[in-house]
Amino acid sequence: MSATLEITHLSKNFGSLCAVRDISFHTQKGEIIALLGPNGAGKSTLMNMIAGYLSPSSGSIKILGQEISTDSLSTKSKVGFLPEGSPLYPDMSVQAFLQYMGELKNTPHIKTRLQEVAHIAKIENVMHQKIETLSKGYRRRVGFAQSILSNPQILLLDEPTDGLDPNQKEHIRQEIKHQGQNKTILISTHLLDEAQTLATRIILIAQGQIKADGTLKEILAQTNSSDIEQAFKKLTQAEKINA
């Protein structure tokens with residue numbers, strides 16, 4: 001099976017700060033991968049490079065075999081992205097915003113698709129409200145609906161359950177599992193329980209570098225840990241000590 005996403009020796013510098021340092025990994029269809037790490041680990045920077053919002057300082061990104069730097073428009077069309085903070089247009093209604101995003105993405109059968117994603121994200125009752133009137137949880141769900149609108153083959157979700165109450169979190173996590181059956185999904189999170197219960201694979205990142213990559217069972221064995229919290233502490237604290 002060919003890789004859906006190929007990251008090779010990827011780095012990103014902001015002046016003297018190296019936010020992402022020589023990261024390499026490949027993904028397959030059907031994987032739900034948690035990019036797990038503390039705040040400031042480089043997770044969001046990595047997500048933004050894969051989505052095409054940031055250019056790498058070095059290295060390459062291939063999406064379904066296409067190099068993103070040479071075929072940007074085609075590769076972006078295959079990726080759905082929920083950025084950190086769910087940036088939206090506050091003066092638009094939810095319906096108008098999703099309609100606009102669907103047209104930008106050339107989404108076929110857009111009227112039917114809007115109804116589908118509204119049902120999936122449980123936002124039918126706010127479709128005609130202005131986004132600026134919505135709670136943080138509803139805004140996050142609108143952002144999630146936008147990310148799956150074009151039914152992309154690769155889905156990037158940066159802190160997807162941020163701001164949601166426990167019931168909403170459970171619903172979105174179940175939808176991510178459902179979507180992940182036929183997609184590659186990368187989730188950026190610092191929530192240990194989210195990585196443990198949702199992901200089929202965990203890539204633990206600290207100080208812009210991959211510290212562990214594998215299933216939960218494999219990472220626990222690699223670090224001689226009894227649970228993900230212990231493994232997380234060992235890998236991230238070791239980095240601080242060595243820094």
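In this predicted model, strands S3 (residues 32–36) and S8 (residues 184–189) run parallel and are joined by 5 bridges. One of the pairs to look for is Ile32 with its bridge partner in S8, Ile185. Strands of a sheet pair through backbone hydrogen bonds, and the pairing can be parallel or antiparallel. Both S3 and S8 belong to an open sheet of 6 strands, which goes S6-S7-S8-S3-S9-S10 and has mixed pairing. At the edges are S6 and S10 (209–214), each with a single partner strand, so one side of each has no neighbour in the sheet. On average, neighbouring strands here are turned by 15 degrees against each other, if direction is ignored.

Two helices pack on this sheet. Helix H1 touches S3, S6, S7 (154–158), S8 and S9 (201–206), and its direction makes about 150 degrees with that of S8. Helix H5, for its part, touches S6 and S7, and its direction makes about 170 degrees with that of S6.

What does Leu82 touch, leaving aside residues up to four places away in sequence? Its contacts are Arg140, Gly143, Phe144, Ser147, Leu156, Leu157, Asp158 and Pro160.

Ile110 opens helix H4 (residues 110–121), which has 12 residues and spans 16 Å from its first C-alpha to its last, close to the 16 Å expected at 1.5 Å a residue. Which residues of H4 are buried? They are Ile110, Arg113, Leu114, Val117, Ala118, Ile120 and Ala121. Looking down the axis of H4, these buried residues fall within an arc of 160 degrees, so they line one face of the helix. On the face turned away from that buried side are the exposed residues Lys111, Gln115 and His119. The buried residues of H4 pack against three helices: H3 (94–104), H5 (136–148) and H6 (166–179). Just past the end of H4, Lys122 has a positive phi of about 55 degrees.

The largest nonpolar core has 32 residues, and Val94, Leu98, Ile123, Phe144, Leu157 and Ile176 are the ones that touch the most other members. At least two residues of this core come from each of H3, H4, H5, S7, H6 and S8. H4 gives the most, with 6 residues. Ile123 touches Val94, Leu98, Ala118, Tyr138, Arg141, Val142 and Ala145, again not counting residues up to four places away in sequence. There is also a second, separate core of 24 residues, with Ala41, Leu46, Ala51 and Val79 among them.

Definitions and conventions: Residues are numbered from 1 along each chain as its sequence is written. This is a predicted model: local features need pLDDT of at least 70, side-chain atom pairs count only at pLDDT 80 or more; totals for chains, interfaces and linings use all residues. Side-chain values use heavy atoms; hydrogens and water are left out. Helices (H or I, at least four residues) and strands (E, at least two) are DSSP runs, numbered from the N terminus. The expected span of a helix is 1.5 Å times one less than its number of residues. Buried means under 20% relative accessible area, exposed over 50%, partly exposed in between (1.4 Å probe, protein chains only). The arc is that of the directions from the helix axis to the C-beta atoms. Contact means heavy atoms within 4.5 Å. Two strands pair if DSSP finds at least two bridges between them. Axes are lines fitted to C-alpha atoms, for helices over the stretch in contact, and angles run from 0 to 180 degrees between N-to-C directions. A nonpolar core is a set of buried Ala, Val, Leu, Ile, Met, Phe, Trp, Tyr and Cys residues joined through side-chain atoms within 4.5 Å.
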